[in-house]
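Please keep the sequence and the structure in view while reading.

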Amino acid sequence: MDRFKRWNNLTGWLSFLIAATVYLLTIEPTVSYWDCGEFIACAYHLEIGHPPGAPLFLMLAKVFSLLAPNPTKVALMINAMSGIASAFTIMFLCWTITHLARKLMVRNGEISTGKMLAILGAGLVGALAYTFTDSFWFSAVEGEVYGTSSLFTAVVFWAILKWEEAADESHANRWIIHIAYLMGLSIGVHLLNLLTIPALILVIYFRKFRPTIWGFMLAVLVSFVILAAVQYGIIQGTLKLAAIIELWFVNRLGFPFHSGIVCFALTLIVLLFGGIWLTLKFRKPVLNAIFMAVTMIVFGYSSYAMIVIRSLANPPLNENSPNDTFSLLSYLSRDQYGDRPLLYGQYYNAPVTQIKKGEPIYIKGKDKYIIAEYKDTYVYDPRFTTWFPRMYSNDAGHISVYKAWGNISGKPMTVTRDGEQMVDYCPTLSENFAFFIKYQVGFMYFRYFMWNFAGRQNEIQGNGGILYGNFITGISLIDNYFWGPQDKLPSYLKENKGRNKYYLLPLLLGVIGMFVHILESRRDFLVVFLLFFMTGIAIVLYLNQTPLQVRERDYAYAGSFYAFSIWIGLGILSLFNLLRKLISDKQAAIAATGISLLTVPTVMAAENWDDHDRSGRYTARDMAYNCLNSCAPNAILITNGDNDTFPLWYLQEVEGVRTDVRVVNLLLFNSDWCISQMQRRVYESAPLPISFRFDQYRQGRRNFVYLVEKTKESLNLKDAMKYVAREDSGAKYFLQSGEILDLLPSKKFSLPVDTYKVIRNGTVKPELAGLVSSKIDFSINRSYVSKNVMIIMDILANNNWERPIYYLAANHEGTLGLENYFQLEGFAYRLTPVYSEKTDRYDIGRVKTETMYKNLMEKFRWTRMNDPKVYIDDNNKDMFAIMRMRINFARLAQQLWVEGKPDSARKVVDRCLNLMPAKIYKHDVYSFKLAEVAYKIGATTEARKIINEYSNKCFEDLAYFNSMPKHLFNLLGYETGIARQTIDHLIEIAGNAEDSSMVEHLKSGKRGIKK
């Protein structure tokens, strides 16, 4: 046994070494998109990120950031932390598999060399298979929480198996206490680890009790109760109780803020330690273990003290400002994201019959807590409610997907909407369940499962079509049936780096391992299966996801893929048992391990390496750098989402780039804490010119401002803001229900312009002085504006053209319809008082050629973005900055041509084509403008190159579509139409440029494609 332990330890560390090497070789060298930028920025200065927070992760990441030789390497070190944590996950997975395999292979006595090698081979193959899975590898090479969260899952599952094999019963409970502490710590990373609780309880049940069917069912039920007790009792319940006590202490007894929570914490400590002492004194081991476990969970959970402590320090990033009991409770409960029905609720078209006043929401007042507002509770027509509601969102886009996936015909119901009676169709329970099975389970879980163990069609996000984001197997018979003839794929899909084929080998080995487990050890199989279910389908049930997710969600189910990898490892034992009938045990073990290593982990590594190797990728950092450096000094930059905000935060907080620019996230600007923080100086950025006091925009105040046209005249914007800030009844509208609405008495507004000032401070060039408007008139054609838009209007009114104001995106509510006054200077639009007529849908505002040319051609960073050796995935290509690169280069080239600078325009076009080769960045609608401009400036060769590349893609698409069997071709009407329209548009562009040979070439190609 000592020999086995030694070799088992070495095998585990070998798997760690391999995984760590792989992950550290393929990590992204800087910040990634999505939440990574926010996490790294918050970790560097221990700031507060989005709810529900990850304080332990941030503290661990802070430690790793200290190892960076300079701030530009901080992201690399935090990414490396994820890689190392993920490699440790692999090590513990290896030991988990060898533990389970040993139970199958060795019933008693010593382990023979052959069996030992087979067991170690099982651990190595299963662990390395998971190392190279698509989803886990993705999370392992970026600064996100999922790699560290997976480590906690791996350790607690391994630890319960160590408890199971502990020979000394009296000391075995140490493992339980250890697990409880890890559970508490994991709350400070991600809640996914709690889903292991049912599997852990099952291990305890099988060891402590004689198993029966009813006993098993009771154990599972108890495990769910414990899971709920931790999630809703310890994590949220303790804070809810603390909030009640805090409210009583402060509002009823007159004590200062935080006195109640301090008293509660001290009482909780006394109760827990008192319980431990009493159970020891009276020798109650079970109760003692319970008290110890709860104490350790609470102790681990105490990492959230960091959130409150740092929030009280008012750091630059302080999302939700959770610095008191009630704001922390809201933060942990993720209140800002809303909720969704789980067991019982409404369908998407359920009429609202009543809106009830719900629970009060408390916030800090001057010396006590006050009610900011009440949560609304909606009552729906009971005919449109159901058990297990899966189709509940009333978003128009979601409804169309519900109808398609659920194949909804519905039951006709007479309803009253907006005072009129009409017939609406209520989905049936079977249609509701069909959507659950086909979309939520099939598309949003099983598809991801198959990505990891069968193969992936491509990296392009799919929404249910047959071209993008599906699974494949590499077996033509299967793939051709589901997705069309694979040998006729367009080159850009065939050569897509995300196209990975495993030939079902990992899946088959895992299924074999499942059967081996069922036949040889049903108890252990049930444990692993419960882990597999809870980290897979149970998440599907709990999330109740709406359609059209902004990104693929496979990372959420990595724990389920972890459990399946256990069965991949156990599958080797079946192969070993087969081969040992032909050769010696030792040879059979070596052969089984070797064959499995070559056919599963090696195949997965070979297929996945090119689309998981992020080394050399700097796009997120560079695009953020370019966005910030599109702005003049001391600018206000208005952004509109995670990916155009978080990388900018990273650059400012970590690398110290352009800290004079104030980044305003429009989505967060609906929150009082965000507005308040913008009224403070941060680094080199002065406070924003906001005239409202906190009590005027706090939660529950001016959430919406209604536009009531009491006058048809334009209101001076500053006067309008003074009007909406009034508290007297003349500026309010009183409803019969008693609700008071804030008003603006017009839908038309004007923003005065100080002509001398805008010339003097460089907002407008002196030669354009004659074009400066004395005021900017604009209208808001809606019945109300939300708080974020109101504050943007206030900033415009009070800025007085002092600070430059930029928008990263146009055509959203925050731009107020001012696009004709925009000036493009790089990747951001500057608001100026010079009107520019829009000539087409791409020409938003005017172009300041001197500034933009210097930015695009000299100042901006494009690190290795055109290097074919660097993997730029579709997610990166779809980010707004890269998507707009071609149109921005085209607009600059066109304006230079208009200004009589054809040589400069030619350089701009050449630069764009060099930076964005079609082999990496396939052409899109923005290429039309680039081709048009290339013709205009005389770059005919370049124009033809663009048109040839773009049209060839379309011809390939059409040829592929036409090769489809009818049942698949009928699904491609939209894609076929787009390809044909694109070719027609390219013909028009070539025709306008009098390029007759290109026109004939395109028409000939079009004739060659049958309809």
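Which residue forms a salt bridge with E727? The model is a predicted one, and in it the partner of E727 is K732, with the closest N and O atoms 3.9 Å apart. A salt bridge is counted when a side-chain nitrogen of Lys or Arg lies within 4 Å of a carboxyl oxygen of Asp or Glu. E727 has a relative accessible area of 42% and is therefore partly exposed. K732 counts as buried because its relative accessibility is 10%.

**Salt bridges**

A search of the whole structure finds 40 salt bridges. The table lists some of them.

| Pair | Closest N and O atoms |
|---|---|
| R102 and E165 | 2.9 Å |
| E727 and K732 | 3.9 Å |

R102 and E165 form a salt bridge. This pair links distant parts of the chain, 63 residues apart: R102 lies in helix 4 (residues 74-105) and E165 in helix 7 (residues 146-165). R102 has 17% relative accessibility, so R102 counts as buried. E165, with a relative accessible area of 34%, is partly exposed.

E942 counts as buried because its relative accessibility is 14%, while R906 is partly exposed at a relative accessible area of 32%. Elsewhere, salt bridges that share partners join E28, E142, R614, R617 and D873 into one network.

**A buried charge without a salt bridge**

Which side chain of opposite charge is nearest to E655? It is R861, 4.6 Å away. E655 is buried and has no salt bridge; the cut-off for a salt bridge is 4 Å between nitrogen and oxygen. E655 is found in helix 27 (residues 646-655). Leaving out residues up to four places away in sequence, E655 touches T30, P71, T72, R621 and Y650.

**Residues at the surface**

L218, L221, V222, V225 and I226 make a nonpolar surface patch of about 420 Å². One of these residues, V225, is found in helix 10 (residues 213-235). Is V225 buried or exposed? V225 counts as exposed because its relative accessibility is 51%, and the cut-off for exposed is over 50%.

W248 is found in helix 11 (residues 237-252). Its relative accessibility is 44%, so W248 counts as partly exposed. S259 comes eleven residues away from W248 along the chain, and the C-alpha atoms of the two are separated by 10.0 Å.

**The whole protein**

The protein has 42 helices and 21 strands. Its C-alpha trace spans about 95 × 80 × 65 Å along the principal axes. A compact globule of 1011 residues would have a radius of gyration near 30 Å, and the value for the protein, 31 Å, agrees with this.

Of the 1011 residues, 57% are buried. The protein exposes about 42,500 Å², and carbon and sulfur atoms supply 60% of that area. Contacts can also be sorted by separation along the chain. Among contacts between residues at least 6 apart in sequence, 75% join residues at least 24 apart.

Note on methods. Residues numbered from 1 in each chain as written. Predicted model: local features only at pLDDT ≥ 70, side-chain atom pairs only at ≥ 80, totals over all residues. Heavy atoms only, no water. Patch = residues over 30% accessible without salt bridge, like charges linked within 9 Å, V, L, I, M, F, W, Y side chains within 5 Å. Areas by Shrake-Rupley, 256 points an atom, 1.4 Å probe, with all protein chains shown as cover. Helix = DSSP H or I, 4+ residues; strand = E, 2+ residues; numbered from the N terminus. Buried < 20%, exposed > 50% of the residue type's maximum accessible area, 1.4 Å probe, protein only. Rg over C-alpha atoms; globule rule 2.2 N^0.38 Å. Contact = heavy atoms within 4.5 Å. Lys, Arg positive; Asp, Glu negative; His and termini not counted.
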